[in-house]
Amino acid sequence: MKNFRKNKTFIIFILTIFLSITSGPLFAGGNVDKTDEKIQSSQNIEAKYVFLFIGDGMSMAQVNSAEIFANSLSNQDIQIQKLNFTRFPVSGLTTTYDASSFITDSASSATAMASGNKTLSGVINMDTTKTVPFKLITEYASDKGKKIGIISTVSLDHATPAAFYAKAASRSDYYGIAKQIVNSGFDYFAGGGFAQPKGKEKDQTDIITILTDAGYTYVNSRENFDALKSGDEKIIAVNSFLQDSAAMPYDIDRSPDDLSLADYTRKGIELLSKDPEGFFMMVESGKIDWACHANDAGASIRDLIAFDQAISEALAFAKQHPMETLIVVTGDHETGGMTIGFAGTKYTTSFNNIKAQKMSFTAFNTKILGPYKAATPKNKAKLADLLPGLKDAFGLDFESLTAFQKEQLELAFQRSMGNEMVRAVEEDQYLLYGGYEPFTVKITQLANQNAGIGWTSYSHTGVPVATFAMGAGEELFAGYYDNTEIFQKLADAMNISTAN
Ligand SMILES: [Zn+2]
């Protein structure tokens, strides 16, 4: 694949000559200008502006559920409403297994895309001995003079964004990863904050101090963010409200004060696009994954639609620079074993159940269940107390549940309140609740099941993901290939040699 770009240029060159010959003398009259123009454009088929959008935990069930949901907003017909990126002219399928498992984690998957190499789960841009660092697509692009932007809804030191600027034996070395922003010298980091801003033991120099001392400008208010303008360099822009683990809020929980992934993408374009060499921008929607770990389809679908809105910002830019812009959209793996279909609902779905959901499982824990637990002794806890909140937050009407579902919900409620239920056989708590708040995960499971959405896991799964592309070099992304190949395809599109 390394020579694809050269071959393509050569083929177009031959074609141009052929067309020139068939349309008249090669160097005569008005044909000269036309020929020159064609040769020039063939030499310029190079992606100057590159967007790599990564939906964390996003495979086709996540994408298709968002398409069904989007359609259900306007009608009840059995049809889908395509998203911006599912309309792209080129699509492919991408395998995601890593060096240690058929079921990758986000660190090794992002390593594959960023460096072209497989490694162990948990490792960022180092080989399987955790000693040899890899060179990254962002480093190659930076060497070529491009500006680099890294955006994520989760913390900037989390595995996926980290893999586009850092190298670490362990993804959980958040502080050590964040410090590598300084050496990267990259231009725009935006979205979530930092998971361990003062280190694991909270005894280190604050990462914001380190970054600002190194020349970065840190903004965490909408006002200062809005004031950023083209020409401003080395920016760290963090959302003022961080919901959980220094991440931006789920889009379903986003208030008008919060910036969106689309806002951060649009600003990135504004800040980086004036550079004569263009830019490489990685934009991650990290909480599609988190929602799917918790089996919360409502939160996943809304984050996926917000992700698509961020992609629409790239599309608007691509319309202005159609010959020079490449947009690639992919997932790093599937999460949750999500599917359209559930044993209890057989061939039917009801996405109205998903539409009725008003907050994520996280917000429900914070706003409704948490305060109730704090105020209620466990021997006074009654499921009836929370049924109005259940109806309001998830549109789940207790009386509409089956006797079996009611029992499951009561059991989960008592577990959440710390009451042990007497059962004939001790149940597997992990299989039931996956380490989450039992009551909340049971609510989302029941709501999702009634919608016809099934889950098999609280972890990632090993199925391939879909990759979509449009713009300069789009044809490289057709077919069935491994995630390590995305690195080389991006390099080829940018006309970058990765030989050294
Ligand atoms: Zn992931």
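Trainee: Which protein atoms are the donors of the zinc ion?

Mentor: They are Asp56 (OD), Asp56 (OD), Ser106 (OG), Asp332 (OD) and His333 (NE2), lying 1.9 to 2.7 Å from the zinc ion. Donors are N, O and S atoms within 2.8 Å of the metal (3.2 Å for Na, K and Ca); water is not among the atoms, so sites may look incomplete. This is a predicted model: local features need pLDDT of at least 70, side-chain atom pairs count only at pLDDT 80 or more, and totals for chains, interfaces and linings use all residues. Residues are numbered from 1 along each chain as its sequence is written, and side-chain values use heavy atoms, with hydrogens and water left out.

Trainee: What spacing do the donors of the zinc ion follow along the chain?

Mentor: D-x49-S-x225-D-H.

Trainee: Why is Asp332 called buried?

Mentor: Its relative accessible area is 1%. Buried means under 20%, exposed over 50%, partly exposed in between (1.4 Å probe, protein chains only). So Asp332 is buried. His333, at 0%, counts as buried too.

Trainee: What makes helix 14 oblique to helix 18?

Mentor: The axes of helix 14 (residues 361–375) and helix 18 (residues 438–451) come within 10 Å and cross at roughly 130°. Angles under 35 degrees count as roughly parallel, over 145 as roughly antiparallel, 65 to 115 as roughly perpendicular and the rest as oblique. Therefore helix 14 is oblique to helix 18.

Trainee: Which residues meet there?

Mentor: Phe361, Phe364, Asn365 and Leu369 in helix 14 meet Phe439, Thr440, Ile443 and Thr444 in helix 18 (contact: heavy atoms within 4.5 Å).

Notes. Axes fitted to C-alpha atoms, helices over the stretch in contact; angles between N-to-C directions. Helix = DSSP H or I, 4+ residues; strand = E, 2+ residues; numbered from the N terminus.
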